[in-house]
Amino acid sequence: MLQMLLPLTLCKTHIAKCTISDPVPIFHKYYQEGDAIIGSIGFHIYVPSEMISFKDQPNFTSYSIPFVLTKNYQHILALVFAVTEINGNHQILPNITLGFNIYDSYYNARQTYHATMELLSTKNTSIPNYRCDSYNNLIAVVGGLEPEISLHIATMLSIYNIPQLSYGPTPVMHHTKTGLSFYQMVPNEAHQYMGIIQLLLHFKWTWVGIIAVDDDNGERFVRTLIPEFSLNSICIAFIEKIPQVTYLYLHIADVLIKGYNIYKIIMTSRANVLVCFGDTESIAKLRCLVYVSNMAYLTEAKGNVWIMTAQMDFTSYFFQRTWDQQVFHGALSLTIHTNELLGFQQFLQSRSPIWTKDDGFIQDFWEQAFLCQFSDSMLGKKFDENCTGEEKLDNLPGDVFEMSMTGHSYSIYNAVFAVAHALHDRYASLYKHRRKINGKRHKPLKQQPWQLHHLLKGVSFNNSAGDKVSFDENGELVTEFDVINCVTFPNQSVIQSKVGRLDPQAPLDQGVIMNKGAIVWHNWFNQVQPLSLCNDNCHPGNSKRGKEGKPFCCYDCIPCPEGKISDKNDMSDCLACPDEQYPNKNKNACIPKVVSFLSYEEPLGIGLAVSALSFSLTTLLILGLFTKHHNTPIVKANNRSLTYTLLISLLLCFLCALLFIGRPKMVTCVLRQTAFGIIFSVAVSSVLAKTITVVLAFLATKPGSSMRKWVGKSLATSIVLSCTLIQAGICVTWLVTSPPFPDADMQSVAEEITLECNEGSTTMFYCVLGYMGLLAIASFTVAFPARKLPDSFNEAKFIAFSMLVFCSVWVSFVPTYLSTKGKYMVAVETFSILASSAGLLGCIFLPKCYIIVLKPELNNREQLIRRKH
């Protein structure tokens, strides 16, 4: 490290020839010369290392067999393809050729630092700041794929201020690592988190499991998602960490036990959706854990929907080629948005170890991809077949190698072009045109890497596929995500198809475009969109009630109370219907209420109307009969004028009942109660006057009685007028202060809108009834003692009985009226009017009619003066 900080030292090639060699050679590298070199440190090969003893000199032989992530070899080819395109396009970098220097991190910090030092050193040496023979003009580094690897690279590149374009997630920055800068060829991870939430909400998945790698990045993923899930009503069923294998055979048993426990939790949980955060190797690790767990888990495995983050890829090692991978069938994966590049597949098909001698990766890739072996292989005898070099990449299954460009490869391609466009802008500012001196073209000036930083921040261009490439103010790529559906087959091949697109910066309900018909779900779900809920949905007609001690996604379903409905699944509260509607039987919809009033078209209204008219006709017949026998003793007895007044008032009472039938209007509402109150007051006061007349007439017959002066028509008339005027005064006061008006009662009867007359003032209504009751009680009080007076035509006993009937009707009216609702309240009042009026008519006048019609011999003066002995 100290040597890295020393001033740059140059070796004079004309004085001495350098013979520096690398004590620890790197076998996997790929170099192409150029005026400007783009370095790359990726992750294509995994070498599980043993514990370091620090007793032996480190060398490559201390490693086990390298496990090639064959799918990641496309990352190398994407960079080579981009450089080839740029060098073939003189409009981007005229007079300049790009070269590259590609190394592997082996997912190992030591090898990453070693590779970085190689990038900073003269070719084939590992001495930074020492330039000998070939000058390595490193202008930028593309890498790494994993966050930790990116951080290790940046630790060294930051010393030289060399731009680094990472195509993996942003590493967790601790306080000791501040000041490191990256150009992210992927969107900010927060956008990916929002994309996951958009996807879950789109499919209404609210009960999910989380599986994450057991490192700082996995911890950040979980820590960030938990509050975001809660804000969007998504609950977490469980959180599990993918165990890491640091050294081969170290605690491997613990890792397998942990893996089995995770597998068991997945298979027994109600969560059918698993959000998985990992790295490019995580799928291969998960396949190992699933493979071992399947042998121990005896119950039939259930299907799940795996939602994988963009940094994960469906990869496998050569020894996993025959393992069942149906557990991942139907998975959904987020990837950086890609488009097919013209000529890329032809470029892939042209690759062969026969023609590519400088590629230090292709031989191991070829052997493990095609399960064959070259004669000069360093791996010993691992495969039975011999490699010819003429095998075709397009014959490989999708989890081994893809012919279509993956998201990571697309990011690498765009990263190389971003550097090229930044270089173009730099040279364009220095040279307005090509300069030639003596017919020779000048070589371009050497550029310092740090000079590209401000140009990279502002770079913006359209790549050959037509997609715009630019960075935001944080140096992160502005792009969308594609949704990939992974379909596995019994022969262990995999096909990944694009089924949707996510725009994480769009509103949650607008950022998802999905072709649901193109999605292939796990066979467990019978090609029906899966549900992932803590419990079954609360269907319409019910509402949710949280379970104590459980997440808010777990709840009981309770029926809606009376008068309320729920018309959607999983409603938190039931809703009241509008006033003009009412809930149906299932309480999942509102039905328009029926307009109801006491009409002439229904049996009840017809019956009351017919009764009113019948009683009115009967009253008219009685009035006609009395008029015909106007001068007979029975008509003249007890004040003939009061008799006619009473009959006419009863006739009007019967007709008054018709005002209560039919659609309420302003006129009928104003008249019905006031007319009823005044007319009834006339009738009852007439009865009271007749009773008083009977009593006074009997008292006046006694010798020396002073009651003679009170006997006559004037007293009866005064009683009727005074009693009636008091009731009229009450009614006028009612009409002036708070008159009745047409109204619609939407609350009393759940299924009806009752058209009624609102009384305006309930107090005045009961005052009218109370006053009539007072008159009736007074009449009964006077008539009851007088019922035994010795008079053949004495009406007192009939009046007493009629008042008893009258009071009984109206006493029973009050509780009945208060206990009924809707139009039946009007029917009760109408019936009470008819019943009480009929009681007066029948009790007082039917006995007289009987004598007049059937016993005319009793209707003479002798009967009138007959005394009871």
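Figure 1. All 7 of the 7 residues of strand S6 (residues 98-104) are buried, so the strand is largely enclosed by the rest of the structure. Buried means under 20% relative accessible area, exposed over 50%, and partly exposed in between (1.4 Å probe, protein chains only). Strands (E, at least two residues) and helices (H or I, at least four) are DSSP runs, numbered from the N terminus. The model is predicted: local features need pLDDT of at least 70, side-chain atom pairs count only at pLDDT 80 or more, and totals for chains, interfaces and linings use all residues. Residues are numbered from 1 along each chain as its sequence is written, and side-chain values use heavy atoms, with hydrogens and water left out. Leu 98, Phe 100, Ile 102 and Asp 104 point one way from S6. Gly 99, Asn 101 and Tyr 103 point the other way. In a regular strand the side chains alternate between the two faces of the sheet. Strand S2 (residues 29-32) pairs with S6 in the antiparallel sense over 4 bridges; two strands pair if DSSP finds at least two bridges between them. Gln 32 has Phe 100 of S6 as its bridge partner. Strand S3 (residues 36-42) runs parallel to S6, joined by 7 bridges. There, Gly 42 is bridged to Asp 104 of S6.

Figure 2. Tyr 30 is found in strand S2. Tyr 30 is buried, with a relative accessible area of 6%. Leaving aside neighbours within four places in sequence, its contacts (heavy atoms within 4.5 Å) include Phe 100, Asn 101 and Ile 102, as well as Arg 351 and Asp 359. Arg 351 forms a salt bridge with Asp 359, the closest N and O atoms being 3.3 Å apart. A salt bridge is a side-chain nitrogen of Lys or Arg within 4 Å of a carboxyl oxygen of Asp or Glu. Arg 351 is buried at a relative accessible area of 9%, and Asp 359 is buried at 5%.

Figure 3. The structure holds 14 salt bridges. In one of them, the side chains of Glu 402 and Lys 71 meet at 2.8 Å, N to O. Glu 402 lies in the loop between strand S17 (385-386) and helix H11 (407-430), and Lys 71 in the loop between strand S5 (67-68) and helix H2 (73-87), 331 residues apart. Glu 402 is buried, with a relative accessible area of 13%. Lys 71 counts as buried at 1%. Lys 71, Asp 313 and Glu 402 are linked in a network of salt bridges. Glu 189 forms a salt bridge with Arg 220, with the closest N and O atoms 3.0 Å apart. This pair joins helix H5 (residues 189-202), which holds Glu 189, to helix H6, which holds Arg 220, 31 residues apart. Both Glu 189 and Arg 220 are buried.

**Figure 4. Helix H8 and its cover.** At 1.5 Å a residue, the 15 residues of helix H8 (residues 282-296) should span 21 Å, and the end C-alpha atoms are 21 Å apart, which agrees. The expected span is 1.5 Å times one less than the number of residues. Buried residues of H8 include Ile 283, Leu 286, Leu 289 and Val 290. Their cover includes strand S11 (207-213), helix H7 (252-268) and strand S14 (305-308).

Figure 5. Leu 613, Ile 648, Leu 652 and Leu 655 make a nonpolar surface patch of about 320 Å². Patches are made of residues with over 30% relative accessible area and no salt bridge: like charges are joined within 9 Å, nonpolar side chains (Val, Leu, Ile, Met, Phe, Trp, Tyr) within 5 Å. Accessible areas come from the Shrake-Rupley method with a 1.4 Å probe; for residues, only the protein chains shown count as cover. Helix H15 (residues 640-656) gives the largest share of the patch, 3 residues. Leu 655, in H15, is partly exposed at 35%.

**Figure 6. The S32–S33 hairpin.** A hairpin joins strand S32 to strand S33 through 6 residues. S32 (residues 741-745) and S33 (residues 752-758) pair in the antiparallel sense over 5 bridges. Asp 743 stands opposite Glu 756 in S33.
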